[in-house]
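Student: I'm new to this one. Can you show me around?

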Amino acid sequence: MGEELLWVEIQDNIGWIKINREKKLNALNQNLIDALHHTFIDFQNNPEVRVIILTGSGDKAFVAGADIAEFSDFGPSEAARLAAHGNRVLFDQVAHLEKPVIAAINGYALGGGLELAMACHLRIASKNAKMGLPEVSLGIIPGYGGTQRLPNLIGKGKAMEMILTGDMVNADQALLLGLVNQVVQPEDLLESAVVLAERIIKNAPNAIKNAIKAINAADGSKSGFQVEEMMFSNCFGTEDFKQRVNAFLKKR
Ligand code: COA
């Protein structure tokens, strides 16, 4: 189940998942996406787990994005499959999980990393966290729900600004925007996530499950996510995309 990719533990009704790819800033490759998928299923099915906390290893990154090396030579049809698969097995799975998932954002949450944090139900950021959707700098757009979940969380105007500029925001700015629920010192991050989890665990599991379902029903329409997948794949196969991704991989 990809034990080397993830550290997984259950303690006091909390299911812990730590993404363990520190050298690549926890960038999400396909193996990692599949390992996360299976772990979320295990936690969903385990009655001992009441709340899940997701974080990244190291003090630099939560997740620095989808693995750019993995999609650098993709064309539109492969990109369409990539987005559809990732959304189905991970991003939508997390958003619609019946147990709350807290993202403990311990550093960079960029691109697919911020999209993963936004698919979670709650977000706590450490003071050193930086968040953004820099896809347009690579000649593509967010493909894992970012164009839908960001405006839902912070409003259309600010989401336009973040997505069209690709600029990052720091933790305090993210708090003001409503992108994260709390900002804490790095050394307090995991304990703060536990305190939040405990405040939820004292409530009725069935009520929590139903509340998540009801709140999710207020999200943008399903077709918005489908348009995003289409526009995402449209960007692939352009010269711009190839040049920009190669520049990143060759260290600019
Ligand atoms: N995909 C693949 N590899 C990534 C990655 C990603 N999204 N983000 C970081 N890495 C890798 C780097 O290539 C590097 O690998 P190497 O040591 O084998 O060369 C390693 O992680 C460390 O990253 P590096 O860029 O050297 O760290 P930095 O401190 O100079 O910069 C960032 C940190 C986050 C600003 C920079 O890594 C970055 O811009 N990452 C890409 C962010 C992005 O565009 N994400 C959206 C993708 S759709």
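Student: By class, what's in the lining of the second largest pocket?
Tutor: The lining has 15 nonpolar, eight polar and seven charged residues. Nonpolar covers Ala, Val, Leu, Ile, Met, Phe, Trp, Tyr, Cys and Pro; charged covers Asp, Glu, Lys and Arg; the others, Gly among them, are polar. This is a predicted model: local features need pLDDT of at least 70, side-chain atom pairs need 80 or more, and totals for chains, interfaces and linings use all residues. Residues count from 1 along each chain as its sequence is written, and side-chain values use heavy atoms, without hydrogens and water.

Student: How much space lies in that second largest pocket?
Tutor: About 800 Å³. It has 30 lining residues, and A95, H121, I215, N216 and D219 are the closest to its centre. A pocket is an open set of points on a 1 Å grid over the protein atoms alone, with protein on both sides within 12 Å along at least five of seven lines; lining residues have an atom within 4 Å of a point.

Student: Which helices and strands supply at least two residues of its lining?
Tutor: Helices α3 (76–95), α4 (112–119), α5 (146–154), α9 (205–216) and α10 (222–235) each do, and so does strand β7 (122–126). These are DSSP runs: H or I over at least four residues for helices, E over at least two for strands.

Student: Why does the second largest pocket lie between domain 1 and domain 2?
Tutor: Because both give residues to its lining: domain 1 is 6–201 and domain 2 is 205–251.

Student: New topic. Where does S77 lie?
Tutor: In helix α3. S77 is partly exposed, at 47% relative accessible area. That class runs between buried (under 20%) and exposed (over 50%), with a 1.4 Å probe and protein chains only.

Student: How many Å separate the C-alpha atoms of S77 and N206?
Tutor: 40 Å. Along the chain, S77 and N206 are 129 residues apart.

Student: Now sheets. What order does the open sheet of six strands have?
Tutor: β1-β2-β3-β5-β7-β10, with mixed pairing. β1 (6–11) and β10 (182–184) are its edge strands, each pairing on one side only. Two strands pair if DSSP finds at least two bridges between them.

Student: Do β1 and β2 run parallel or antiparallel?
Tutor: Antiparallel, with six bridges joining β1 to β2 (residues 14–19). L6 stands opposite I19 in β2. The hairpin of β1 and β2 has two residues between the strands, and D12 takes a positive phi near 50° there.

Student: And how many bridges join β3 to β5?
Tutor: Four, between β3 (residues 51–56) and β5 (residues 101–105), which run parallel. The bridge partner of I52 in β5 is V101.

Student: What about the open sheet of four strands, which order is that?
Tutor: β4-β6-β8-β9, again with mixed pairing. Its edge strands are β4 (61–63) and β9 (169–170). β4 pairs with β6 (residues 108–110) in the parallel sense over two bridges. A61 has Y108 as its bridge partner in β6.

Student: Last one. How many cavities of 30 Å³ or more does the structure hold?
Tutor: One. The largest cavity has a volume of about 30 Å³. In a cavity, a 1.4 Å probe fits but cannot get out. L28, Q30, A66, D67, E70, F71, L82 and Y144 line it.

Student: And by class, what does the lining of the largest cavity have?
Tutor: Five nonpolar, one polar and two charged residues.

Terms used. Grid points are joined across faces, edges and corners, and a volume is the space filled by probe spheres set on the points. Domain bounds come from an automatic or database domain assignment.
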